[in-house]
Amino acid sequence: MHSVTGVDPHLDIESYDPSADLMVLNLGPQHPSTHGVFRVKLYLDGEIIIKAVPYAGYLHRGVEKLCEELTFVQVIPIVDKNDYVSPMMNEQAIAMACEAMLGIEVPPRALYLRTIFAELQRLASHLLWLGTFGMDLGGALGGGASLFMYCFRERETVLGLFEEVTGCRFHYNTHAVGGNRHDITPRFTQDTKATLEVIEKRIDEYVEIFSSNGIYRDRTWGIGVLDGELASSLGITGPLARASGVDHDLRRDAPYHIYGELEVNVFTESAGDCFARTLVRLNEMRESIRIVREIIDSVPEGPILGMKPGKSPGHIKIDAGQGYSCLESPRGELGTYVIGGGNSRGASAYRLKIRSPSLHAASCIPYLFPGHTVSDAVAILGTLDPIMGEVDR
Amino acid sequence: MAVDETQRTYDHPLYQHVERMPGLSVALGNIDQLLTWGSANSLWIFPMATSCCGIEFMAAAASAVDLDRMGSIPRGTPRQCDVMVVAGTITVKMAPRVKKLWEQMPEPKWCVAMGSCAISGDFYRDIYSVIPGIDTFIPVDVYVPGCPPNPEALMHGLLRLQEKIRMLREGKLTREELRPESPPNLNRPAIGRLHDPERDPLTSEEQTDSAAGLGFGDNLNLARIRRPRPTAEPRPQPGAEPQPAADSDEESAP
């Protein structure tokens, strides 16, 4: 079986064996399995990839530049679109950075809501990943579509919960600097419990679907082995790193929201292949369900905004200073670095940098692809789960 | 090779072929109805999904709002498809690829602009790397507003497209598709939209050529998609009368 050691990501094609049957194949930018617009240039020897060069930038929307123009209130619906599979995480990252710089204390009810929303977003994001991963492996007409349909059925119920609170299916604009905009209702609590009960049973069904499937095992077992040290040196976090044995989770190691009061179980695997990444994500889904169940009944009463609501979009002013704040998004460490003192006397940021986990995940492609076939490349790309809005920004 | 929507033919070549054969046109008297029914109810979709709207497109194709039940199957290749659903922001780097994929689709073909980024660029419209609306380089038949539109909204857009196909084939399309107009306080795109009467007809030709890699060397010329053709003499400035507000927001109203 192929291992990462010995792969040269900077292989010079000119020096490769001239008698080999070389071919260049472009995977993307338009390809259903690239999860967006992503291009990987594959150098093939027969069917085996000998070199892979990723190209990003097909969805570069200049978000960081746009965030320098807009005020801190206007930025929040903009950053929703970065990681569009779990939009609330982006909102929370920006809001947390601003709160840390301004010294605003978020009321406990808002912290509970943020935790519940974050875990439900993780659940929805992993459900979407599982469904599209089934599509990647099986194809729309090859049997993978059934897992896709099941997962989207469950995801719709989670989105329905968000719709009840915020009025949107996604791009919620529900977090603000200092708290939340929308409050939950007793009906939300009730619906959440019912939904989680259904999903918990269904997750066991999904595990049954592919753990009993020989084709699924063959296509993920030992494919795309990511070394733990390599993952750390590339800055890879989240489920990818945890599947490679890196025991790191910001919810436990640098608690924010109310994670400090909870006991968060972190699941790690040592294999580092596609199958391990699948297992880690499935365990995280179960863990998210457990966390939401644990805290949904103990949400304290009180206000959900920790500051006086402003009337103008420029009422939040950060005159000077800089701050970094990060959280554990479904893909890893999502951080926001803000330098205050921008336009109109600090109403907008002088510089706003987003540290996105997807970019780091995509950076391991030159190490993982060589030695595999083209169909394995699709499986590896599926488990890396890069979101292009976050990679290119 | 200029793509001009007014000159596009909606007559199926099979229809012309059958009509010329003696006797067959009598035997298949209702072949026109048959073809109309067939083409409107088997719209295979090529999802040009780039960002957030792509996720909603997937949700529309999945179990809750099942697009398959109206004959719309998403396919991964442009050569088998009738409708291109452009879902998401199109950047300057991506636009030549979109144009190229659009040219690869066989006629008759339609285009649905899904989401406000594809319609007008939304709040990214003034960013250096974003195309302010895909109708600056490919003709759009139906606009589905929203950020992102619900799956139900996309389905409504496809139903409107079906209606449009039926009316076009029966010659009953009396009015043009309502186009979303930019409010006067926003920047207009540097290249006029395809339905804009002030648009230079040569622009369409150049866009087609540059997407096909013709005339500008081996590489796709990115700048040609976005910037206007340099002209020797300054073009006459159009009258600065604002658009009538009456029909401006009917399409883009939520």
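Helices (H or I, at least four residues) and strands (E, at least two) are DSSP runs, numbered from the N terminus. On that basis, helix H15(A) is followed by Asp385(A), whose phi is positive, near 55°.

The structure described here is a predicted model, in which local features need pLDDT of at least 70 and side-chain atom pairs count only at pLDDT 80 or more, while totals for chains, interfaces and linings use all residues. Residues are numbered from 1 along each chain as its sequence is written, and chains are lettered from A and ligands numbered from 1 in the order in which they are written.

**Overall form of chain A**

Chain A contains 16 helices and 8 strands. Its radius of gyration (taken over C-alpha atoms) is to be read against the globule rule, 2.2 Å times the number of residues to the power 0.38. The value for chain A is 21 Å, close to the 21 Å that the rule gives for 393 residues, so the chain is as compact as a globular protein of that length. Along the principal axes, the C-alpha atoms of chain A fill a box of roughly 70 × 45 × 35 Å.

A residue is called buried if 20 or more other C-beta atoms lie within 10 Å of its own, exposed if 12 or fewer, and partly exposed in between, with C-beta atoms placed from the backbone. Of the 393 residues of chain A, 52% count as buried. Two residues are in contact if their C-beta atoms, placed from the backbone, lie within 7 Å. Among the contacts in chain A with a separation of 6 or more, 70% are accounted for by residues 24 or more positions apart.

**Helix packing**

Two packed helices are described by the angle between their axes and the distance between the axes. Axes are lines fitted to C-alpha atoms, for helices over the stretch in contact, and angles run from 0 to 180 degrees between N-to-C directions.

| Helix pair | Axes come within | Crossing angle |
|---|---|---|
| H3(A) (residues 87-102) and H4(A) (residues 108-138) | 8 Å | roughly 140° |
| H6(A) (residues 186-211) and H11(A) (residues 274-295) | 10 Å | roughly 160° |
| H4(A) and H15(A) | 9 Å | roughly 175° |

Angles under 35 degrees count as roughly parallel, over 145 as roughly antiparallel, 65 to 115 as roughly perpendicular and the rest as oblique. H6(A) and H11(A) are therefore roughly antiparallel to each other, and H4(A) and H15(A) are likewise roughly antiparallel. The contact between H4(A) and H15(A) joins Thr132(A), Phe133(A), Asp136(A) and Leu137(A) of H4(A) to Val378(A), Ala379(A), Gly382(A) and Thr383(A) of H15(A). For classes, Ala, Val, Leu, Ile, Met, Phe, Trp, Tyr, Cys and Pro count as nonpolar, Asp, Glu, Lys and Arg as charged, and the others, Gly among them, as polar. The contact of H4(A) with H15(A) has 4 nonpolar, 3 polar and 1 charged residues.

The buried residues of H15(A) include Val378(A), Ala379(A), Gly382(A) and Thr383(A).

H4(A) also packs against H3(A), where Met88(A), Met89(A) and Gln92(A) in H3(A) meet Arg114(A), Phe117(A), Ala118(A) and Gln121(A) in H4(A). That contact has 4 nonpolar, 2 polar and 1 charged residues.

In the pair H6(A) and H11(A), the residues of H6(A) that make the contact include Thr192(A), Leu196(A) and Ile199(A), and those of H11(A) include Leu282(A), Met285(A) and Arg286(A). By class, this contact has 8 nonpolar, 1 polar and 3 charged residues.

**Two individual residues**

Leu161(A) lies in helix H5 of chain A and is buried, with 21 other C-beta atoms within 10 Å. Not counting residues up to four places away in sequence, Leu161(A) touches Leu120(A), Phe188(A), Asp191(A), Thr192(A) and Thr195(A). The C-alpha atoms of Leu161(A) and Thr195(A), 34 residues apart along the chain, are separated by 8.7 Å.

Thr189(A) is found in helix H6 of chain A and is partly exposed, with 14 other C-beta atoms within 10 Å. Leaving aside neighbours within four places in sequence, Thr189(A) is in contact with Ile184(A) and Ile296(A).

**Contact with chain B**

Here 26 residues of chain A are in contact with 24 residues of chain B. The largest share of the side of chain A that touches chain B, 5 residues, comes from H5(A). The residues of that side divide into 13 nonpolar, 7 polar and 6 charged.
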